[in-house]
Amino acid sequence: MVKKVYVLDTNVLIYDPNSIYNFNNAIVVIPGIVLEELDRFKAEGTDRGRSVREVTRILDRERERGSLQKGVEIKNDSVVKVVFINKKSEEPFPFLDELGDNIILRTVLQLKKDGHSVTLITKDINVRIKADALGLSAQGYMKESISTDDFYKGWRRILVPAIQLKQEIPDALIALVQNETPTLNEFIIVESQHNSYNFKIFRYVGDTTFVETHQNPLQWSLRPRNVEQMMALDLLLDDSIQLVTLFGPAGTGKTFLGLLAALHKILLEGLYEKVLISRPVVPLGKDIGYLPGDLQEKLHTWMLPIYDNMDFILHAVQAGRKLHSNEIELEDELEHYKQHHKKMRFGHKKQHKKAHKNLQQSGIMPLEQLIEQNKVSFEAIAYMRGRSLLYQFIIIDEVQNLTPHEVKTLITRVGSGSKIILVGDPYQIDSPYLNFSNNGLIVASERFKGQKMFGSVYLQTSERSELSQLAGELL
């Protein structure tokens, strides 16, 4: 049987250093120009540089077993080899010869003319378009395919007669376990057929056991504002769950809930030494290097969304108010929040001292004091490699902009007594080679699904203003 030939683009190897092993009964070709491009990145201290160094180690290990020029047999009955283009070829080529992408395309074209059934594997959409224009087969690289309609949400809803909601365990849950096994730590929203406000929430914990989820009582006045936030807080406050993924559109409260749970666990329950917060540097404009100041000052600017959430939590705790879903009450809360910031900003010392006292009585303190006492720290993801994070509540924001390999690196940093929360919106990805299916947030959720120490919640109900929701729909 003739083996199919797959030609790997540079971006595929960087995205997944082990990609050469993911093709069955095939010839995996690495164009010579790809080695040149990898060589340019190998000294970088970035995740790209680390991936490149991993690729070169893998290829060097295989080289010791044979000749990459002739082909080395690897697992899955496949062969990996390095191929160079025939520079003597006088065949006309419509694109600029000196560009790396075009040299890869010429390599594929040459293999096709040699009679091979060849497919280019690349994460670059434009290269796939060029390949199609040349009559070449090209496809994206995906180890798994997860559609926007078929992904693990961490919960499901079932409708029942209202009478069942009076039972300790509704009959519908017993029937569910008999017909299929729910995923471990999956939530079941048992809702009345005729009244959506009449419901109970249960979490499946194994065998035939369900545990009812209540409006998790915090010692502060803050409460979840919808069903999804209730489920998320249930996981965040459960010390047996060491990994939580929270994902969904903007405005659903993902980061807010993570920070709220972290502060509660650290300041009131004393179960963790501090909260560590990080997010990838994938800007919409210029990179973080263009921001003024040293690393901590740059991080402060980069972490402003986190600071906003922290300030809102501190003010809400100080004010002793409950957050309600009623729009008028929420606007009232936000108005108090704005007035608080105005007073603090213009140096009203009396109000500042009173706020300090109220915060201390609530078991919480200003953000600056939390940072000074090392209860809160902001870290750049690039500096987390090689560390072992012990007894920390770790929150990684914007995880949809990380690759599965990068997420793996972060999770493996989690040491004894720590908990990690992965937060993100898979519908807003800024990284050029990631999409809904292959970003680290969705892949981690799918891979850990069913593990005892893992839980996930997809939050779909926005709690932002009506204007914000409308903008999300129209723009």
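**Questions on a predicted model**

User: In this predicted model, which residues does Tyr6 touch, leaving aside residues up to four places away in sequence?

Analyst: Tyr6 is found in strand β1, which covers residues 4-8. Leaving aside residues up to four places away in sequence, the residues that Tyr6 touches are Phe23, Ala26, Ile27, Val28, Val29, Thr119 and Ile121.

User: Is Tyr6 buried or exposed?

Analyst: The relative accessible area of Tyr6 is 16%, and the cut-off for a buried residue is under 20%. Tyr6 therefore counts as buried.

User: How many helices and strands does the protein chain have, and what share of its residues is buried?

Analyst: The secondary structure of the protein chain comes to 16 helices and 16 strands. The chain has 475 residues, and the share of them that counts as buried is 49%.

User: What is the order of the strands in the open sheet of 6 strands?

Analyst: The strands of this open sheet pair in the parallel sense, and their order is β13-β12-β14-β15-β11-β16. Its edge strands, each pairing on one side only, are β13 (376-378) and β16 (454-458). Neighbouring strands are turned against each other, on average and with direction ignored, by 15°. Read across the sheet, then, the order is β13-β12-β14-β15-β11-β16.

User: Which residue of β13 stands opposite Val275?

Analyst: Strand β12, residues 274-278, pairs with β13 in the parallel sense over 3 bridges. The residue in β13 that stands opposite Val275 is Val376.

User: Which strands of the sheet does helix α14 touch?

Analyst: Helix α7 (residues 227-236) packs on the sheet, where it touches β11 (243-247), β14 (392-396), β15 (419-424) and β16, and its direction makes about 160° with that of β16. Helix α14 (residues 404-411) packs on the sheet too, with a direction that makes about 155° with that of β15. The strands that α14 touches are β11, β14 and β15.

User: Which residues of α15 make the contact with α14?

Analyst: The axes of α14 and helix α15, residues 440-448, come within 8 Å and cross at roughly 65°, and α14 passes α15 in a right-handed crossing. On the side of α14 the contact is made by Pro404, Val407 and Ile411, and on the side of α15 by Gly440, Leu441, Val443, Ala444 and Phe448.

User: How many nonpolar, polar and charged residues does the contact of α14 with α15 have?

Analyst: Among the residues that make this contact are Val407 of α14 and Phe448 of α15. Sorted by class, the contact has 7 nonpolar, 1 polar and no charged residues.

User: How far apart are the end C-alpha atoms of helix α4?

Analyst: Helix α4 has 14 residues, 100-113, and at 1.5 Å a residue it should therefore span 20 Å. The distance between its end C-alpha atoms agrees with that expectation, at 20 Å.

User: How many of the residues of α4 are buried?

Analyst: The buried residues of α4 include Ile103, Ile104, Leu105 and Arg106. Helix α4 is mostly covered, and of its 14 residues the number buried is 10.

User: Is Asp77 buried or exposed?

Analyst: Asp77 is found in the loop between β3 (72-74) and β4 (78-83), and although it is not a glycine, its phi is positive, about 60°. Its relative accessibility is 59%, and the cut-off for an exposed residue is over 50%. Asp77 therefore counts as exposed.

Methods:
Residues numbered from 1 in each chain as written. Predicted model: local features only at pLDDT ≥ 70, side-chain atom pairs only at ≥ 80, totals over all residues. Heavy atoms only, no water. Helix = DSSP H or I, 4+ residues; strand = E, 2+ residues; numbered from the N terminus. Expected span 1.5 Å × (residues − 1). Buried < 20%, exposed > 50% of the residue type's maximum accessible area, 1.4 Å probe, protein only. Pairing = 2+ DSSP bridges. Axes fitted to C-alpha atoms, helices over the stretch in contact; angles between N-to-C directions. Contact = heavy atoms within 4.5 Å. Left-handed = near helix turned anticlockwise from the far one by under 90°. Nonpolar A, V, L, I, M, F, W, Y, C, P; charged D, E, K, R; others polar.
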